[in-house]
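Let's take a walk through this structure together.

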Amino acid sequence: MALDQIVDGLSEVSCDVLVIGGGTAGPMAALKAKLKNPKANVVLLEKANVKRSGAISMGMDGLNNAVIPGYATPEQYTKEITIANDGIVDQKAVYKYAQNCFEIIEELDSFGIRFLKNENGDYAVKKVHHIGTYVLPMPNGETVKKALYRQLRRARILISNRYMATRLLKSADGRIAGAISVNTRTAEMLVIKAKAVILCMGAAGRLGLPTSGYMFGTYENAANSGDGYAMAYHAGAALANLECFQINPLIKDYNGPACAYVAGPFGAYTANNEGSRFIECDYWSGQMMLEFYNELLSGKGPVFLQLKHLHPDTISEIESTLHKVERPTRGLFQQGRGVDYRSESIEMHISEIGFCSGHSASGVFVDDNARTTVPGLYAAGDMASVPHNYMLGAFTNGSVAGIDAMEFADSHGFAEFDAADVAKERDRVMAPTKREDGIPPNQVEYKTRRLVNDYLQPPKVTRKYELGMRRLAEVREDMQERMIARNAHELLRALEVQSIMDCADMAAHASLYREESRWGLYHWRTDFPEKDNENWFCHTLLSKQDGRMTSEKRAVEPYVVPIADDEKDLYDKQRIRARA
Amino acid sequence: MPLASYQTSVPVVVDDAKCIADKGCTVCVDVCPLDVLRISDMTGKAYMAYDECWYCMPCEADCPTGAVTVNIPYLLR
């Protein structure tokens, strides 16, 4: 039978721990869960193929947040991230990450993933952040996925590729009971009962529309459509600080990183059209993005990443990393444009908006054990709320989640779910396939994401948000009543649009709730232009309560690492001042 | 509403002479994160069925015969 032809079917399996998402955090969570209890069944469910899925599909060019003895301490790192994230940090989880991540680096090294070392065999860590030194290049970072896959096979993890999870199942008393998924090539549905579930489904990267107009030319892997955020929401889990959007400085049109983390330590820097530096530090913070945005609009743009002043050998070294690892088509793109780094600077722009705790702080709320607010449900990686955690955070917190989830599974039986929930979800999933006539998913998606750009992109204006929410509600109605899918592949896209729409609604709701400006460009509200520590020095938690989207405040946990008053605003001083 | 098809020039190109999908190879179809490649019923060769590309390269990098080329999608070239 031909691929993509719709098959109406439903089957059920069970496992001890279900990991959803096989990118970065997911494989590590699955591996650690299995090692914790080798007799248990661990299923790794993946919408694409674990061999090449997620943000690190083609590897990664470096660790952005390595806390390596001799270069940085967990205290220093925790302080840096607290300041970079404008104080809204539960430090316990960040501190735990900082303590554990070196062990994970050594473990990754033992898997065959190579990091840059100096002539003495020590890790060659570079400085990019405002205060400390945490960037460790990976010139051979293209091997990451293969090395992980070998470990998964060796540990006998059960891998199910091409299954998209759509909803979580819970028992009457609110405990996690499993997940419902759909095969992306046949539309057959699969119910997976599990004692514990770990969500590792990546960023919500297909939220805004890239300026190129190409829907899949996103910064994030375009498969990351925010399904994890939507699933957590519908399961009643709390989501933290969603108004702290992810917005990145990227190669214009290509929409991938340039990448200042790779080139910066060699002497490259961000400059305006006059060739002058205007930001103190290239680390991606909201405050830095605000200065970047201001420069683009000031008449002093375009903004460039400047490399041409460097020695040709140095440029070749940078080039060999940029054009081989993470986004290797960067080389092809520059070649097509006739840009040689030796003679021309790289034109930069800012990305579409998204949710991602990997770079900012918008994620499913988790504590320092990666537990969400739903018993038995965990989250790790870009979609979990530990701020600025990047790839190494996905590995490290994925490890924490895997171990804790297996402990939970070992001490609990299966929770019972209501069969009516499965029937209801089956109806929702299959609805676009039952219509004869209607609107295809690509048009619903384009319109949704165009509205996100028009109305939700910062600066955030209350009146624009209100209009945007009205328009989005109209498109939601079209999506629910009229969207069609003529084969299983279109059904995959139709389901993704529903995640994107949920994320757009959450982005709007969370942004209107926080009545202040914080995190630089990420949450710049023109109606409330100042930071208001008196009323808003807190997390915001968004959740579904009695079927309605609700936001509430949550106090920031007392700091483990104190921040002195004169350190708190270090990241606010991004703009280079003219010196007298 | 009736549907019309929409012309688009696709970024992933397969060299039919090198492609061994007709011998049972499915590597590029298997690894694509966006699941946009298929094997043609007519030619038995791989081709890009859906223009939903992240220009990420696994199809090209993992192809055992070097048959696949990833180009930058026209809109952002």
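**Two helices side by side**

In chain A, helix α1(A) passes helix α4(A) in a left-handed crossing. Keep in mind that this is a predicted model.

How do we describe a pair like this? Two packed helices are described by the angle between their axes and by the distance between those axes. Here α1(A) covers residues 25–36 and α4(A) covers residues 144–154; their axes come within 10 Å and cross at roughly 30 degrees. Angles under 35 degrees count as roughly parallel, so α1(A) is roughly parallel to α4(A).

Now zoom in on where they touch. From α1(A) come A:P27, A:A30 and A:L31, and they meet A:L148, A:Q151 and A:L152 of α4(A).

Next, hop along to helix α5(A), residues 227–234. Is this helix mostly covered or mostly open? It's mostly covered, with seven of its eight residues buried. The buried ones are A:D227, A:G228, A:Y229, A:A230, A:M231, A:A232 and A:Y233. After α5(A) comes A:G236, which has a positive phi, near 90 degrees.

The contact takes 28 residues from chain A and 22 from chain B. On chain A's side, helix α9(A), residues 329–337, gives the largest share, four residues. That side of chain A divides into twelve nonpolar, twelve polar and four charged residues.

Conventions: Residues numbered from 1 in each chain as written. Chains lettered and ligands numbered in written order. Predicted model: local features only at pLDDT ≥ 70, side-chain atom pairs only at ≥ 80, totals over all residues. Contact = placed C-beta atoms within 7 Å. Nonpolar A, V, L, I, M, F, W, Y, C, P; charged D, E, K, R; others polar. Axes fitted to C-alpha atoms, helices over the stretch in contact; angles between N-to-C directions. Parallel < 35°, antiparallel > 145°, perpendicular 65-115°, else oblique. Left-handed = near helix turned anticlockwise from the far one by under 90°. Buried ≥ 20, exposed ≤ 12 C-beta atoms within 10 Å, placed from the backbone.
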